[in-house]
Amino acid sequence: MTSINVLNTSAAYAVKYLETLDSRPIGTTATLDELRVRLAKAFPEAGRDPEQVISELISDAEGGILGSTSGRFFGWVIGGTLPVALAADWLTSTWDQNAASNLTAPAEAVVEDVCGEWAKELLGIPRSASFAFVTGSQMGHATALAAARYRLLRDRDWDVEELGLAGAPSIRILTTESRHESILRAVRLLGVGTRAVEYVPSDNGGRMLASELEKALKQTAEMPVVVCLQAGDLNTGVFDPFDKICPIARAANAWVHVDGAFGLWAATSKRYRHLLDGAEQADSWATDGHKWLNLPFDSGLVFVADAAAHRAAFSQDTSYSIPVGGLRNQKDWNPEWSRRGRGFAVYATIRALGRSGIGDLVDRCCAHASRLVKNIGELPGVEIVATPVINQGLVRFLGTDGDHDRHTDDVIARIQRKGVAWFGGATWRGMRVMRVSVCNWLTTEHDIDLTIETVRESASESQCT
Ligand SMILES: *Cc1c(COP(=O)(O)O)cnc(C)c1O
């Protein structure tokens with residue numbers, strides 16, 4: 001087992017990487033061409049020393065690792081990695097359990113059982129809901145909507161698990177224009193098709209209008225309907241009005257699914273939990289551990305109120321994997337068969353932070369986002385496009401030549417090149433904007449000060465050219 005020393009190389013590097021994170025440029029410094037030249041080695045006909053392979057991987061990837069775990073990274077909605085989560089993630093790979101069943105991964109099965117309950121408690125989801133640990137919200141949506149598809153069609157005497165969708169009653173998907181793309185892909189994966197998706201009009205902030213939903217539901221009272229709502233819009237962080245929508249949907253026997261990829265964690269904050277009022281009446285919920293909970297990637301959670309429908313859509317019989325007495329067998333609830341033990345990192349992190357620690361993390365990120373947007377908005381030539389409701393906001397930079405889109409993209413590129421902080425751009429309601437997302441446990445007041453300064457410098461340099 002001499003090759004096991006390679007683990008020491010890797011662990012020593014990991015610790016050094018994390019300790020020096022703050023002083024590294026956050027953006028990448030190597031081009032894709034440079035990385036390709038370094039990494040595209042001649043095809044390895046013969047093997048080589050693992051120690052050398054890992055050392056070369058580290059040096060060849062240099063400059064190609066985006067500093068998205070940094071406290072001054074505000075792109076997309078990413079989140080960093082808490083050391084306790086990373087430690088549990090290392091153990092997960094070390095133990096290398098096949099989390100498909102409680103025979104192949106008994107401790108993981110118990111941990112998932114425990115964590116599913118903890119997550120429901122944290123997120124305000126009914127105790128009786130079933131759950132699954134999936135890759136992320138994308139597969140969370142696919143899992144929840146598969147359960148919805150089963151239940152809505154079974155109620156119309158159609159067993160979709162046996163008969164498939166050909167000839168089945170058509171399903172309507174009602175959502176808003178601001179839904180995340182992953183909702184559409186779940187609909188495609190399930191064979192429902194995007195033509196089934198209808199956009200219900202929303203208010204100025206992008207929240208679904210209850211009166212418009214009511215109208216849409218009346219059009220085809222007999223058809224199966226899934227209403228997809230958002231807890232935390234990707235760009236603006238807004239929440240659909242669950243307390244108004246859920247009773248209307250329920251009265252029409254529609255299934256309500258909540259995309260709470262990051263926003264569902266607002267339930268842990270005394271200050272923000274009111275945004276989720278009524279969300280407990282939904283039929284399914286999807287969220288991520290790898291965003292606001294700051295776990296490494298591959299951590300999604302999905303919950304389904306109708307546990308029997310969830311199980312009917314996923315359960316399977318195999319003679320070689322019979323569930324052990326009473327304990328939930330994971331693969332009866334998951335879209336995958338073999339997979340890693342996703343529960344360990346969730347377990348360790350919820351224990352280490354507790355409800356109050358997670359709530360503090362949420363509050364802190366929201367306060368930072370609010371100050372970032374406010375102070376950037378006070379710089380000359382900046383317009384606030386969306387003031388954060390929680391941790392997400394939008395700004396844009398007004399060019400003296402009137403080309404605000406070009407100017408906004410130019411400022412974003414300058415900020416990225418300077419390497420002190422990182423923001424991404426997007427097109428929102430026809431205009432280029434800079435997105436501000438704060439969901440990293442590391443971010444401090446000092447990071448916000450440094451970031452405002454680098455934005456100020458970049459905006460004034462851009463205006464000079
Ligand atoms: C990130 C995100 C998703 C997709 O989640 P994955 O974990 O990337 O699959 C869906 N909806 C929203 C609102 C998101 O922010």
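An N or O atom in the side chain of aspartate 288 is 2.8 Å from an oxygen atom of the ligand. For histidine 290, a polar side-chain atom lies 2.8 Å from a ligand oxygen, and for lysine 291 the distance from a side-chain N or O atom to an oxygen of the ligand is 2.8 Å. Residues are numbered from 1 along each chain as its sequence is written, and side-chain values use heavy atoms, with hydrogens and water left out. As the model is predicted, local features need pLDDT of at least 70 and side-chain atom pairs count only at pLDDT 80 or more, while totals for chains, interfaces and linings use all residues.

Helices are DSSP runs (H or I, at least four residues) numbered from the N terminus. Axes are lines fitted to C-alpha atoms over the stretch in contact, and angles run from 0 to 180 degrees between N-to-C directions. The axes of helix α5 (residues 106-123) and helix α12 (residues 343-377) come within 9 Å and cross at roughly 30 degrees. The two helices are therefore roughly parallel to each other, the term for angles under 35 degrees. Their crossing is left-handed, with the near helix turned anticlockwise from the far one by less than a right angle. Residues in contact (heavy atoms within 4.5 Å) include Val111, Trp118 and Leu122 in α5 and Phe344, Tyr347 and Ile350 in α12. The contact of α5 with α12 divides into 11 nonpolar, one polar and five charged residues.

Helix α6 (residues 137-154) and helix α11 (residues 307-314) have axes that come within 8 Å and cross at roughly 100 degrees. That makes α6 roughly perpendicular to α11, a class covering 65 to 115 degrees. Thr143, Ala146, Ala147, Tyr150 and Arg151 of α6 meet Ala309, His310, Ala312, Ala313 and Phe314 of α11. By class, seven of these residues are nonpolar, two polar and one charged.

Helix α2 (residues 32-39) packs with helix α3 (residues 50-61) at an angle of about 165 degrees, their axes 9 Å apart. That makes α2 roughly antiparallel to α3, the term for angles over 145 degrees. Leu35, Arg38 and Leu39 in α2 meet Leu57, Ser59, Asp60 and Ala61 in α3. Four of these residues are nonpolar, one is polar and two are charged.

Methods:
Nonpolar A, V, L, I, M, F, W, Y, C, P; charged D, E, K, R; others polar. Polar contact = N/O pair within 3.5 Å; in protein donor to acceptor, adjacent residues only side chain to side chain.
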